[in-house]
Amino acid sequence: MEANQCPLVVEPSYPDLVINVGEVTLGEENRKKLQKIQRDQEKERVMRAACALLNSGGGVIRMAKKVEHPVEMGLDLEQS
């Protein structure tokens, strides 16, 4: 008995839209060190980009991080 074989083809998918939000401080501890106004401005830029991508069907948010080692985003950014 021959198994039903259905070949799968993986095609690379590239986002139609990339929004660059500039430099964003990442990491909970690093974000706590920022002044509230700077933290809020960075959060606002990320939130606007996320909303724009959700309304347009998706894409990628590109940000330059201000830390040299990998860290989590920061609770305030994740919750936003």
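Q: Which residues make up the largest nonpolar core?

A: As a general idea, nonpolar side chains in soluble globular proteins tend to be buried together. In this predicted model, the largest nonpolar core consists of six residues: Val21, Val24, Leu26, Val46, Ala49 and Leu77. Strand E1 (18-24) and helix H2 (36-56) each supply at least two residues of this core.

Q: What is the pattern of elements along the sequence?

A: Three helices and two strands form the secondary structure of the protein, and their order along the sequence is β-α-α-β-α. Of the 80 residues, 19% count as buried. Contacts can also be sorted by separation in sequence: among those between residues at least 6 apart, 73% join residues at least 24 apart. The protein exposes about 6600 Å², of which carbon and sulfur atoms supply 53%.

Q: Which residues of H2 are buried, and where do they fall when seen down the helix axis?

A: Burial is judged by relative accessible area, with under 20% as the cut-off. In H2, the buried residues are Glu42, Val46, Ala49 and Leu53. Viewed down the axis of H2, these buried residues fall within an arc of 60°, so they line one face of the helix. The face turned away from the buried side carries the exposed residues Lys36, Ile37, Arg48, Leu54 and Asn55.

Q: What covers the buried residues of H2?

A: The cover includes E1, helix H1 (28-32), strand E2 (60-65) and H3.

Q: Is Arg31 buried or exposed?

A: The relative accessible area decides the matter. Arg31, which lies in helix H1, has a value of 1% and is therefore buried. Setting aside neighbours within four places in sequence, the contacts of Arg31 are Val24, Thr25, Leu26, Arg39, Glu42, Lys43, Met73, Gly74, Asp76 and Leu77.

Q: What joins the side chains of Asp76 and Arg31?

A: A polar contact of 2.8 Å joins the two side chains. Asp76 is placed in helix H3 (residues 75-79). Asp76 counts as buried because its relative accessibility is 18%, under the 20% cut-off.

Q: Which residues does Asp76 touch, and how far is Asp76 from Asp40 in space?

A: Not counting residues up to four places away in sequence, Asp76 touches Glu28, Arg31, Arg39 and Lys43. Asp76 and Asp40 are 36 residues apart in sequence, and their C-alpha atoms are 9.2 Å apart in space.

Key: Residues numbered from 1 in each chain as written. Predicted model: local features only at pLDDT ≥ 70, side-chain atom pairs only at ≥ 80, totals over all residues. Heavy atoms only, no water. Helix = DSSP H or I, 4+ residues; strand = E, 2+ residues; numbered from the N terminus. Buried < 20%, exposed > 50% of the residue type's maximum accessible area, 1.4 Å probe, protein only. Polar contact = N/O pair within 3.5 Å; in protein donor to acceptor, adjacent residues only side chain to side chain. Contact = heavy atoms within 4.5 Å. Core = buried A, V, L, I, M, F, W, Y, C linked by side-chain atoms within 4.5 Å. Arc of directions from axis to C-beta. Areas by Shrake-Rupley, 256 points an atom, 1.4 Å probe, with all protein chains shown as cover.
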